[in-house]
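Hi there,

Here is the model I promised to pass on. Have a look at it first, and my notes come after.

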Amino acid sequence: IGEVPYIPFREWIPPTPPTKRATGSAGNAIGSKEQSLRDQAEFVFKYSSYADAEKEAIPHLGFEGSTDVVELISLAVSSRHTERPMNVAVIAQSAAGKGMTIETALKMHPDEAVITMSASSERSFVYSDKLIKNRVLYWKEADSLPDDGAAISALRAMIEDDNFTYEYVSEGLKPKTIEKEGPTGFLTSSTKPLPPQLGTRVIEVSIEESTDLTRKVISAAFAAASAPDKPNFDTKPFKAFHRMIQEYGQKEAILPEPIASKLASHMNNHPNLPKSMQRHVKKVIQALKTSAIREQFHRPQSDDGCLRVSKHDYEVLYRTYGPQFTRHMHGGLSDSHLQVYHYLPASDAENGKTRKDLETELNLPTSTVRSYVQLLLKKGYAACLDDKKRPQTFRQGEPLEREEQSVLPTPDELWGEQSEC
C-alpha cells in the first residue's frame with residue numbers, strides 16, 4: 001500500500017545493544033556457517049529481543065495501524081520450527097487490509113518457509129510435489145474452500161497431524177496413497193468465519209477497521225508515490241535469523257511448572273469456559289513455546305541447556321494473542337463490536353440509532369458498521385425498531401456484559417516483578 005517516509009538504517013537502532021551469546025544454541029562453539037548467519041542477522045541482535053526488533057521494523061514496511069496482529073501472524077509462521085505449528089485465519093471485510101497484514105508478516109521470513117496457494121484447484125496442494133515439513137501453507141482466500149468433501153478433510157488432516165496421508169482411486173480403480181511428512185502450519189484470510197471443523201483448528205483474528213486508519217493508508221500511498229526512488233527497508237537480517245533457528249536452534253521449550261499451574265488455575269476459575277477452550281489452551285501454550293524458541297539467541301544459556309518460557313514471552317502473547325483469545329471467549333465479539341453495542345440506546349428506548357449515526361459518531365467505515373450490526377442482530381444483542389421504516393433504527397437487544405475477570409492474567413499477575421520464573 002505504500003511506505004512511510006524512509007529513515008536511514010542506523011538512525012533507529014537502539015543505543016545499547018544486548019550482549020550476544022558466545023556459544024551456539026547447544027552450548028558449542030559457533031561454526032563458520034552459523035557465524036555467517038549471525039553476521040547477516042546483525043540488525044536483529046542490536047535489539048534486546050527479536051520481538052522488539054520486529055515491532056520496530058513493521059511500520060517501515062509501509063504498514064499502518066496496530067502491529068499486534070502482524071506480530072501474531074509472524075509468531076505463527078515462526079512456529080513452523082516446532083512439533084505443532086500454529087494456524088491463523090484473518091477475518092475481516094473486503095478491502096480491510098487482510099492481505100497487507102499477512103504479507104507484511106511474511107516479509108520477515110525466508111521464502112522457503114511458505115507455500116502460497118492462490119488460483120488453484122481444491123486438491124492441488126495434495127498432489128503437489130512440494131515438501132511441506134516445517135513450512136506454512138498460505139491459502140490466500142479461504143472463501144474458495146468447500147464446506148465439506150475430500151479437499152477440506154485433507155486440509156484438516158494436514159494442519160492437525162504431524163504426517164499427512166491421502167488415499168484415492170486412480171484410473172483402473174487402483175487405490176493409491178500420497179504421504180507427506182509434516183508438521184505444517186496454515187495461514188489464510190476470509191470475509192467470514194471458517195467452517196466449524198476447520199475454524200476450531202485455527203486462531204481466528206480480526207484486524208483494525210476505522211476511517212482514521214483508511215486516511216493514514218491513503219496518505220502513505222501518496223507519500224510513497226511522490227518518492228519512488230526511496231529504498232525499501234531491508235528484511236534480510238530477519239530472514240537470516242529464522243534460517244539460523246532452522247539450522248542451529250533448539251526446537252523445544254519448557255513452560256515452568258509454577259507458571260503452568262497458575263495459568264491453569266486462573267483459566268479453570270473463569271465462569272465461562274466453552275468446550276472449544278481445550279484447543280485454544282493448546283494454542284496459548286504453543287505460542288509461548290514458540291516465542292521462547294525464537295528468542296533463544298538473545299538469552300544466556302541455562303545451566304541444563306533447556307529453553308524456558310519467560311515473562312517476556314508471556315508479555316508478547318498477552319499483547320498480540322490476548323485480545324483475540326478474549327474475543328473468542330465472549331462469543332466472537334471484538335472490542336469494536338462492544339463499542340457499537342454500548343453506543344446503541346438501551347433496550348427500552350423509544351428511539352434508535354441508524355447505521356449512518358454509527359458511521360459518523362464512531363468513525364467507522366460503512367461496510368464495517370453493516371457487518372457489526374448484522375452480527376449483533378444475529379446474536380440477539382441488537383434489535384431493529386421497525387423493519388419497514390427507512391432508514392432502519394436500532395437499539396440494544398439482550399443484555400451483553402463482559403466478565404470482569406480477564407481470561408488471561410496480566411504478566412505481573414502471573415510472573416510478579418521477576419522477569420524469569
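Below are my notes on the aromatic pairs, the cysteines and one threonine.

This is a predicted model, in which local features need pLDDT of at least 70 and side-chain atom pairs count only at pLDDT 80 or more, while totals for chains, interfaces and linings use all residues. Residues are numbered from 1 along each chain as its sequence is written, and side-chain values use heavy atoms, with hydrogens and water left out.

The whole structure holds 10 aromatic pairs (Phe, Tyr or Trp rings, the six-membered one for Trp, with centres within 6.5 Å; planes under 30 degrees apart are stacked, over 60 edge-to-face, the rest tilted). F43 and F238 form an edge-to-face pair, because their planes are at 65°, with centres 5.8 Å apart. This pair joins distant parts of the chain, with F43 in helix 2 and F238 in helix 10, 195 residues apart (helices are DSSP runs of H or I, at least four residues; strands are runs of E, at least two; both are numbered from the N terminus). F238 is buried at 0% relative accessibility (buried is under 20% relative accessible area, exposed over 50%, partly exposed in between, with a 1.4 Å probe and protein chains only). Both F43 and F238 belong to a ring cluster that also includes F45 and Y47.

As for cysteines, there are zero disulfides (cysteine sulfur atoms within 2.5 Å). C306 is partly exposed at 30%, and C384 is partly exposed at 22%.

Finally, T184 sits in strand 6 and is buried, at 1%. Its contacts (heavy atoms within 4.5 Å) beyond four places in sequence include R84, I132 and M158.

Enjoy exploring!
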